[in-house]
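Dear colleague,

Please find below the structure that I am handing over to you, followed by a short account of what was found in it.

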Amino acid sequence: MTADPSEFVFTLPDPLVQWPWKRILNPHYLQAKAESSAWIRSFNGILPRVQRAMDLGKIELLAALTYPLENKDVLRACCDLMVLYTFYDDYTDIAMPHEAQQLATIVMDALRNPNKARPADECVIGEISRQFWQSSLKCVSESARRRFIEAFDEYTTAVSEEAHERAQSFIRNIDDYIIFRRSTGAMNATFMPIQFTLNLPDEVFEDPVIRRLTDAYSDLATLMNDMYSYNIEQARGDIHNAVTVVMHQENIGLNEATKWVGDYCSKLVHNILEDLCHVPSFGKEFDGQVKHYLDGMAYWIRGHDSWSFETQRYFEEGGLDIQKSRRVVLLPRESSNQ
């Protein structure tokens, strides 16, 4: 189901009304921003639409808001990771299935072999991936290196599968979509920088409470992102969005669907706050690191929420006003020749 033309204005729920973690900007923001910006400018031939996405999104601000607890080296790695995401999203959003798979192969080979020169005629994303990971390795623990590669592989594989579904105009049911969105949203990889300086054993992440919390933070992040990005995505005909999925599955209108997603997010917030009261002890050696990991994900949620309204990534005009009013004017559909 598509949005009723009469619904020219829709309301964004605010699931974070009771969220205890407040907006914090990483104190190393300006230095990391300057270094990362200089790095990406060293690449020639950046497509104008990619540059525009980076400019509107202020991706270094995104990193500084979502990783406020990390040191300067990790924040720089986070800024560069946001660059990589921007390139990869732009290329794969319009890619045919076989093209998306080729891009996944390039990126994963570059990440697994950061000291290997990339082919001269290869897409620039290969060299961006290689340099990002080669530079970041100096601040990443051995265990986090392995987990990051595994998580990024999960992400690129899911994006390739998404390309197949997009080509077929296939819409999942909401339960399947939420699980799949953890992967296409790269949440496991995105939360990895919080672990970069930690040395936590696999047993911590296999614990049922930690696993449940990580999944809940992931779902909260992706579903809130879908609410905020819905307007620009529906305008270009993108169907990979929770609001669209709920409208299609439940045969309801736009405002009803955003309320459905918002209510789901509110339940996730409740479950997170409840589970945080039952985190087990992993011993003195690890408990402080576990707290850093869990706090880091909580601040990521708040930071992403703030960034969504403070930049023009999702709302080209009046983002801060929308943050207060929660009312959004529905954009017209783009013509196919734009």
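**Findings**

Val-329 is exposed, since its relative accessible area is 56%; the terms are buried for under 20% relative accessible area, exposed for over 50% and partly exposed in between (1.4 Å probe, protein chains only). The model is a predicted one, in which local features need pLDDT of at least 70 and side-chain atom pairs count only at pLDDT 80 or more, while totals for chains, interfaces and linings use all residues. Residues are numbered from 1 along each chain as its sequence is written, and side-chain values use heavy atoms, with hydrogens and water left out.

Val-329 is found in strand β2 (residues 327–329); helices (H or I, at least four residues) and strands (E, at least two) are DSSP runs, numbered from the N terminus. Together with Phe-8 and Val-9, Val-329 forms a nonpolar patch on the surface, with about 290 Å² of accessible area in total. Patches consist of residues with over 30% relative accessible area and no salt bridge, joining like charges within 9 Å and nonpolar side chains (Val, Leu, Ile, Met, Phe, Trp, Tyr) within 5 Å. Accessible areas come from the Shrake-Rupley method with a 1.4 Å probe, and for residues only the protein chains shown count as cover.

**The overall fold**

The protein has 15 helices and 2 strands. Its radius of gyration is 19 Å, close to the 20 Å that the globule rule gives for 338 residues, so the protein is as compact as a globular protein of that length. The radius is taken over C-alpha atoms, and the rule is 2.2 Å times the number of residues to the power 0.38. The C-alpha trace spans about 55 × 55 × 35 Å along its principal axes.

Of the 338 residues, 56% count as buried. The protein exposes about 15300 Å², and carbon and sulfur atoms supply 51% of that area. Among contacts (heavy atoms within 4.5 Å) between residues at least 6 apart in sequence, 78% join residues at least 24 apart.

**Aromatic rings**

Rings of Phe, Tyr and Trp (its six-membered ring) pair if their centres lie within 6.5 Å; planes under 30 degrees apart count as stacked, over 60 as edge-to-face and the rest as tilted. By this rule there are 21 aromatic pairs. One of them is edge-to-face and joins Phe-152 and Tyr-155, with 5.2 Å centre to centre and 85° between the planes. Both residues lie in helix α7 (residues 142–167), 3 residues apart, which is about one turn of the helix. Phe-152 counts as buried because its relative accessibility is 0%, and Tyr-155 counts as buried at 1%.

Phe-205 and Tyr-293 form an edge-to-face pair, with 5.2 Å centre to centre and 85° between the planes. This pair links distant parts of the chain, as Phe-205 is in helix α10 (residues 202–206) and Tyr-293 in helix α14 (residues 284–310), 88 residues apart. Phe-205 is buried at 12% relative accessibility, and Tyr-293 is buried at 3%.

Finally, Tyr-85, Tyr-88, Phe-132, Trp-133, Phe-148, Phe-152, Tyr-155 and Phe-196 form one aromatic cluster.

**Charged side chains**

How many salt bridges does a search of the whole structure find? The search finds 27, a salt bridge being a side-chain nitrogen of Lys or Arg within 4 Å of a carboxyl oxygen of Asp or Glu.

Glu-127 and Arg-130 meet in a salt bridge (2.8 Å, N to O). Both lie in helix α6 (residues 124–136), 3 residues apart, and both are buried.

Arg-212 forms a salt bridge with Asp-275, with the closest N and O atoms 2.9 Å apart. Because Arg-212 lies in helix α11 (residues 208–235) and Asp-275 in helix α13, the pair ties together parts that are 63 residues apart in sequence. Arg-212 is partly exposed at 43% relative accessible area, whereas Asp-275 counts as buried at 10%.

There is also a network of salt bridges that links Glu-35, Lys-72, Asp-73, Arg-76 and Asp-80.

**Two loop residues**

Ser-169 has a phi near 55°, a positive value in a residue other than glycine. Ser-169 sits in the loop between α7 and α8 (174–184) and is exposed, with a relative accessible area of 55%. Asn-251, also not a glycine, has a positive phi near 55°. Asn-251 is in the loop between α12 (242–250) and α13 (254–275) and is exposed at 59%.

Yours sincerely
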